[in-house]
Amino acid sequence: MVFTLDEDIEELCISDDDCEEAPQQLLQPMGAEHVGKHRRKSSVLEKFPVVAPLHSRRLSLSVGEGQGQGVDPRLLADFKPVRVLGKGAYGKVVLVKDERTSKLYAMKQLQKAEIIIENDESQDVSKRVERIFAERTILSQLDHPNVVKLFYTFHDNSRLYLLLQYIPGGELFYHLKERGTLDEDTAAFYAAEISCALKFLHEKGIVYRDLKPENCLLDADGHLVLTDFGLSKKSVDDNNSLSAPEDVSVLHSIIGTPEYCAPEILKGEPYTRNCDWYSLGCLVYDMLVGKPPYTGVNHKVILNKIQKEKQGPRLPYYLSDGMKDWLGALLKKDCNKRWDVDRYWAAQPQAQQAQQQRRRKKKAGQERTSPYTSHFVFRKINWAKIQDGPLQKSEQGPIVPIITDLELAENFDEEFTSLPFEENPQGRDIPKSDIFKGFSYKASGSYLEKYF
Ligand SMILES: Nc1ncnc2c1ncn2[C@@H]1O[C@H](COP(=O)(O)OP(=O)(O)OP(=O)(O)O)[C@@H](O)[C@H]1O
């Protein structure tokens, strides 16, 4: 499958009724200035002010929304805010407690006004709305131990809300900051868990596209969970056809952190699911070295650096030969020479292997065809246990977060957790519009029961 950023929301919406045109009227910016890139945070992180949830606000759900699942619609008033966990482009993520059940959730809040604002000439409103619906729709279809779970979505006049599984261990890189770098076995463990999540997504036709440190969280037992599916894309064609690549300026405007982004995406060229494996290479490089392979103040600088290197980044001498080999295969800037991990995931039956052997002779040095899961760096990984989930239930990961009280959110940056819950005077309702109609969702009863 080959993708461009030209997404097709109609394929991602649950029904045609859910998909509406973006409104034409424009809203004025809220005054917050763009703030430069923060280390290990996306460049858009501090663009918007923190807004605490309005505990008392009532909702204006569209009639019939979410009724497909027999929804007893949830209200903002059902959830008591406990602490701010993080911030993103359109709002923040807040730890909340369900007043009915006392369960904790991470509530991702997105400000409608910020989504439909025309303050960025390079990105149109309908694309932003598409991405928000895509995140909700994709997450509602996934169930994997290394992917965050979505339980409810709803909206009111000013915000959209996604009620996600609370991942209490915080960002992996929060822990890495304390340690500096990780040893190879620990990095290989996280690489294996991320690989399983990526493989699972790719099999469902989803490209994640946003693999970066702040989207890798640790659960209470130290297992890695991917969050933030705002840039994920579900494939709409299975015939490998190429559509015109999206304008590269549009692309740059939605990628906050280019350091982990595949070169073909940075260049605005068509790309495949293979881009996620490049990002995994960058992430693991960062775990081992303390910074991603190419750094720079903007996309152009990073691209120039990538282009200067013929084969890929230079790998530090202190890494093992096995790790160098694994990183080198994923960090190939030419996506045709990069390891096609999805294809060569595991050892294949002998007949296929023989066929590949013949092909390999033709393309010697071009493409890695050895099985991914049996690479030297994964020699201590029990793939069957990770892939099927029992490992995540029965064993702890290499870094077990210290959690004395789940509500304290001890593993999250104080920069966020210390923020007060006060109503943002700048928060504003947007004129009633159908643009977000169909956003509300409730997971099935059995799904909710399975996890609570
Ligand atoms: N399910 C969760 N449990 C705990 N913390 C979370 C959860 N989801 C997100 N967070 C925290 O909130 C931060 C921001 O979340 P997220 O990346 O989903 O927001 P975003 O608006 O999509 O951000 P961006 O604009 O950078 O893409 C994360 O980096 C993480 O620290």
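## Overall composition

The chain contains 15 helices and twelve strands, where helices (H or I, at least four residues) and strands (E, at least two) are DSSP runs numbered from the N terminus. This is a predicted model, in which local features need pLDDT of at least 70, side-chain atom pairs count only at pLDDT 80 or more, and totals for chains, interfaces and linings use all residues. Residues are numbered from 1 along each chain as its sequence is written, and side-chain values use heavy atoms, with hydrogens and water left out.

Of the 452 residues, 55% count as buried, that is, under 20% relative accessible area with a 1.4 Å probe, protein chains only. Among contacts (heavy atoms within 4.5 Å) between residues at least 6 apart in sequence, 73% join residues at least 24 apart.

## Packing of helices 4 and 8

Helix 4 (residues 172-179) packs against helix 8 (residues 274-289) at an angle of about 30°, and their axes are 10 Å apart. Axes are lines fitted to C-alpha atoms over the stretch in contact, and angles run from 0 to 180 degrees between N-to-C directions. Helix 4 is therefore roughly parallel to helix 8, a term for angles under 35 degrees.

Leu172, Phe173 and Leu176 of helix 4 meet Leu283, Asp286 and Met287 of helix 8.

## Residues with positive phi

Most residues other than glycine have a negative phi. Arg209, in the loop between strand 7 (206-207) and strand 8 (216-218), has a positive phi of about 65°. Arg209 counts as buried, at 6% relative accessibility.

Ala409 also has a positive phi, near 50°. Ala409 lies in the loop between helix 13 (390-394) and helix 14 (414-417) and is buried, with a relative accessible area of 2%.

Note on methods
Parallel < 35°, antiparallel > 145°, perpendicular 65-115°, else oblique. Buried < 20%, exposed > 50% of the residue type's maximum accessible area, 1.4 Å probe, protein only.
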